[in-house]
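Subject: the model, and what turned up in it

Hi,

Here is the structure I promised to pass on.

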Amino acid sequence: MSVETSKTSFTGMFRRVAGARGQRSTVLVMLALCGAAYWGHTTGWTIPKFSQLVGGRTKDDALWCEAHGVPEDLCIECNVELHPPEKDYGWCDAHGVPQCPLEHPEIAETKSPVSLTDADRERAARALALRPRAENNSRCKTHLRRVQFATVEAAEKSGIDVAVVDREPITEAISANGEVVYDQTRVAHLSSRVKGTVLSVSRQVGDRVTKNELLALVDSADVGKAKAEFLSALTRERLTAENVAKIAPLAQQGTIAERQWRETTAAHHEAQIRLMSARQALVNLGFSIPKDNYGTTNVEEVSRQIQFLGIPSELTGSWDAAMSSSNLYPLRAPLAGVVVDRDVVEGEVVDTAKPLFSIGDVSRMWLLLDVRQDDIDLVQIGAPVKFRPSSQPRAAEVTGRIAWISTEADERTRTVKVRVELPNDGRLRAYTFGMGRIVLRGESDAIVVPNEAVHWDGCCNVVFVRDRHYFEPDAPKFYHVRKVRLGVKQDDRSEIIAGLVPGEVIAAKGSNVLASQLLRSNLGEGCGCAHGH
């Protein structure tokens with residue numbers, strides 16, 4: 001079909017479509033298809049060559065090196081004498097790359113010599129020892145290849161942007177879902193030690209309390225009975241003590257019978273035992289009794305003190321002793337914290353089995369992480385953990401340390417529980433979820449590059465390093481193919497364990513152009529790579 005015939009056919013089709021009502025969008029689509037068909041028919045359905053993308057002598061393909069995308073008389077791959085390759089130092093077993101800058105820093109493509117330190121080698125050793133890393137093929141020879149442009153302008157036209165290899169802090173971590181809960185060593189579930197009726201409640205949920213602060217008063221007959229027993233035992237002990245003091249001189253003079261002396265002293269010992277038992281009963285209820293059992297206080301004052309035992313003085317100051325009950329039992333906070341639960345009201349009858357309050361010290365919380373079994377061997381007691389609640393995505397992370405690793409895996413999820421102790425400045429709330437990061441390794445001066453600068457060529461990870469003489473007038477414009485050993489990826493950055501040095505200039509955005517040309521030349525000449533390690 002001729003061009004004119006094609007045009008007539010397409011015009012007729014356009015008119016027929018345009019004549020239909022409500023088909024404007026169809027007209028536009030058909031118009032675009034017609035344009036594409038006409039262009040394809042007149043151009044023979046061909047696409048530009050690589051040489052047309054990167055620039056060069058496109059008018060004379062005979063002078064163009066199709067394998068390497070530059071004019072033949074400038075191609076340093078075909079004409080090695082134009083720019084001989086640098087010395088091949090071979091494979092580095094320690095770091096898993098050829099041409100290893102950690103062992104041979106002289107290969108660095110920088111204007112001035114670089115000096116890598118023992119700290120750099122130690123960093124690489126830590127990264128390689130921590131966990132398996134992606135490996136390169138030791139038989140692959142693509143690191144000896146170079147990807148060349150005809151001119152600097154040709155490289156810029158291809159859309160390549162460069163970046164400088166830099167140092168940045170990185171953190172390698174294991175991520176795991178977690179839940180914040182109360183520190184069980186700092187939560188008290190408080191019950192009354194005696195049966196009785198709640199007389200008053202002074203604290204609500206959310207109130208902050210100090211240690212030994214009064215929470216409620218319980219009226220209990222058992223308390224009154226214990227106090228009465230103590231007063232009775234105290235009175236008896238004092239009476240028997242006076243009797244012993246009176247007859248002791250007579251017993252020394254022999255004016256009384258020995259039997260009477262033994263009976264008097266025995267009665268005193270019995271009274272002491274009874275007093276000790278009564279004192280212990282009050283102590284068991286949480287009351288505080290002086291060690292001397294009020295030995296120097298008169299009976300009337302002791303009676304008043306025992307009546308209001310454990311009750312704050314600011315409450316008892318206005319109470320009439322004759323009208324007030326001796327049955328009051330104070331329920332106190334065993335630790336400083338926050339009232340996280342309350343299940344009691346005034347007038348309620350309570351017993352020793354029912355929890356009335358829960359007091360939690362929320363200055364420290366627990367984070368329970370669910371760690372995958374595949375990762376658990378990397379987790380150690382004391383390892384730092386960074387956590388951010390899912391409800392606070394923009395908040396700063398809270399840092400704690402691992403205190404416990406479970407000895408069993410969950411039967412359903414096959415994950416292992418890990419407990420982390422977290423300080424709490426008030427942002428953490430119990431029973432909230434979030435993501436925890438168990439820090440395995442932190443490096444303050446890691447070597448990093450943009451993620452888009454790293455390419456997988458089929459058997460190795462490669463980065464394209466710009467030649468140090470790139471901008472010199474008569475120097476060839478090319479990039480070295482550098483094998484790298486990758487570490488951790490962090491956001492848009494990748495750690496380079498080995499293969500690059502800070503200060504080198506690499507292809508970043510648009511570097512896929514170089515990767516494509518490398519693959520193209522490999523297909524044309526053989527990659528020199530025997531697959532397998």
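Starting with the largest pocket: its lining residues divide into nine nonpolar, five polar and two charged. For those classes, Ala, Val, Leu, Ile, Met, Phe, Trp, Tyr, Cys and Pro count as nonpolar, Asp, Glu, Lys and Arg as charged, and the others, Gly among them, as polar.

Before going further: this is a predicted model, in which local features need pLDDT of at least 70 and side-chain atom pairs count only at pLDDT 80 or more, while totals for chains, interfaces and linings use all residues. Residues are numbered from 1 along each chain as its sequence is written, and side-chain values use heavy atoms, with hydrogens and water left out.

**Pockets**

The search runs on a 1 Å grid over the protein atoms alone: a cavity is a set of points where a 1.4 Å probe fits but cannot get out, a pocket is an open set with protein on both sides within 12 Å along at least five of seven lines, and lining residues have an atom within 4 Å of a point. Grid points are joined across faces, edges and corners, and a volume is the space filled by probe spheres set on the points.

The largest pocket comes out at about 280 Å³. It has 16 lining residues, and L285, G286, Y329, P330 and R332 are the ones nearest its centre. Two elements give two or more residues to that lining: strand 8 (187–191) and strand 12 (328–332). Strand 12 gives the most, with four residues. (Helices, H or I of at least four residues, and strands, E of at least two, are DSSP runs numbered from the N terminus.)

The second largest pocket holds about 190 Å³ of space. Around it you'll find Y182, R208, D361, V362, S363, M365, N424, D425, G426, L428, R429 and A430. That lining splits into five nonpolar, three polar and four charged residues.

**Cavities**

There are two cavities of 30 Å³ or more. The largest cavity has a volume of about 180 Å³. Of its 14 lining residues, E86, Q99, H143, L144 and H480 lie nearest the centre. Strand 23 (residues 477–483) gives the most to this lining, with four residues. By class, the largest cavity is lined by five nonpolar, three polar and six charged residues.

The second largest cavity has about 50 Å³ of space. H68, R145, R146, V147, Q148, Q517, L518 and S521 line it. Strand 5 (146–149) and helix 11 (512–525) are the elements that give two or more residues there.

Is Q148 buried or exposed? It is buried, at a relative accessible area of 5% (buried means under 20%, exposed over 50%, partly exposed in between, with a 1.4 Å probe and protein chains only). Its side chain reaches the backbone oxygen of L74 at 2.8 Å and the backbone nitrogen of I76 at 3.0 Å.

**Sheets**

Two strands pair if DSSP finds at least two bridges between them. Strand 9 (residues 196–201) and strand 14 run antiparallel, joined by two bridges; T197 has V349 of strand 14 as its bridge partner.

Another open sheet, also of four antiparallel strands, runs 8-15-13-10. Strand 8 and strand 10 (208–209) each have a single partner strand, so one side of each is left without a neighbour in the sheet. Five bridges join strand 8 to strand 15 (residues 355–360), again antiparallel, and S191 is partnered by P355.

**Cysteines**

How many disulfides are there? The count is zero, taking a disulfide as a pair of cysteine sulfur atoms within 2.5 Å. The C65 sulfur is 3.6 Å from its closest cysteine sulfur, in C78, which is too far for a bond. Likewise, the C100 sulfur is 3.8 Å from its closest, in C92, again too far. C65 is buried, with a relative accessible area of 6%, and C100 is buried at 1%.

Cheers

Note on methods
Polar contact = N/O pair within 3.5 Å; in protein donor to acceptor, adjacent residues only side chain to side chain.
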